[in-house]
Amino acid sequence: MSAKWDTRFLGLATHISAWSKDPSSQVGAVITDGNRIISLGYNGFAAGVEDKPERLSNRDCKLNLTIHAEENAMIFAKRDLTACTVYVTHPPCPRCASKLIQEEIGRIVYISPSADFLSRWAEDLKLSHEMYQEAGVQVTAYALDKVDIKNAQITIAPGGLFKKVLSRLLDG
C-alpha cells in the first residue's frame, strides 16, 4: 500500500474518531483489504448502553464499558480479516493488539503518538510491538503532519484528534 493510501485511510480514521462520545479519548479505526474498506469503528459503549455523562466522566466506569475502536471495527466486519490492514488513530493497546493478531490482521498503521501519550502508555505499546514481532504483523507509523486530510475527502466535524489535525491544517 502506498503512503498516499495509508494517509488517506488514517484521515478517514481520524474523521471517524470524532463520532466517539468519550470526552478524553476519541479513537477511530478503518479495516481495509487493499483499497477496499471492510469495516469502521470508534471507541464507545455497546449498542443500547446509555452514554450517560456520569459514566463518561467516571474513568473506571468508562474503561469498563468502552469497546475500543479496533474491537468495534472487527465486530462489525462480519468476515475473515486475514491479511487485512487496520488503520487506527492511536497505537493499539495490548488488549487490541492480541485480538488483531488473533484475527490474522497482516498490517497495522497508526498515527505516531505524542510525547504525552507515550509518557502514559509506553510500556503497553512496547508489549504490543513485541507481540507484533512475534506474530509477524507489519507495523507502520506516520507523523501527524503526514495524515492526508484533504484527499481523504472528509467533512469537518468536531472532536478530539480530528480537531487537532484540522487546527494544524488551518493554522499552518
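This is a predicted model: local features need pLDDT of at least 70, side-chain atom pairs count only at pLDDT 80 or more; totals for chains, interfaces and linings use all residues.
Residues are numbered from 1 along each chain as its sequence is written, and side-chain values use heavy atoms, with hydrogens and water left out.

I begin with the cysteines. Searching the whole structure for disulfides (pairs of cysteine sulfur atoms within 2.5 Å) gives zero. C84 is buried (under 20% relative accessible area, with exposed being over 50% and partly exposed in between, for a 1.4 Å probe and protein chains only), because its relative accessible area is 0%. C61, at 25%, therefore counts as partly exposed.

Next, S128. This residue belongs to helix α6, residues 115–135; helices are DSSP runs of H or I with at least four residues, numbered from the N terminus. S128 has a relative accessible area of 1%, so this serine is buried. Leaving aside residues up to four places away in sequence, S128 is in contact (heavy atoms within 4.5 Å) with P92, C93, P94 and A97.

Finally, the helix pair. Two packed helices are described by the angle and the distance between their axes. For α4 (residues 69–77) and α5 (residues 94–102), the axes come within 9 Å and cross at roughly 25°; axes are lines fitted to C-alpha atoms over the stretch in contact, with angles from 0 to 180 degrees between N-to-C directions. The two helices are therefore roughly parallel, a term for angles under 35 degrees. In this contact, E70, E71 and M74 of α4 meet R95, C96, K99 and L100 of α5.

Note on methods: Angles under 35 degrees count as roughly parallel, over 145 as roughly antiparallel, 65 to 115 as roughly perpendicular and the rest as oblique.
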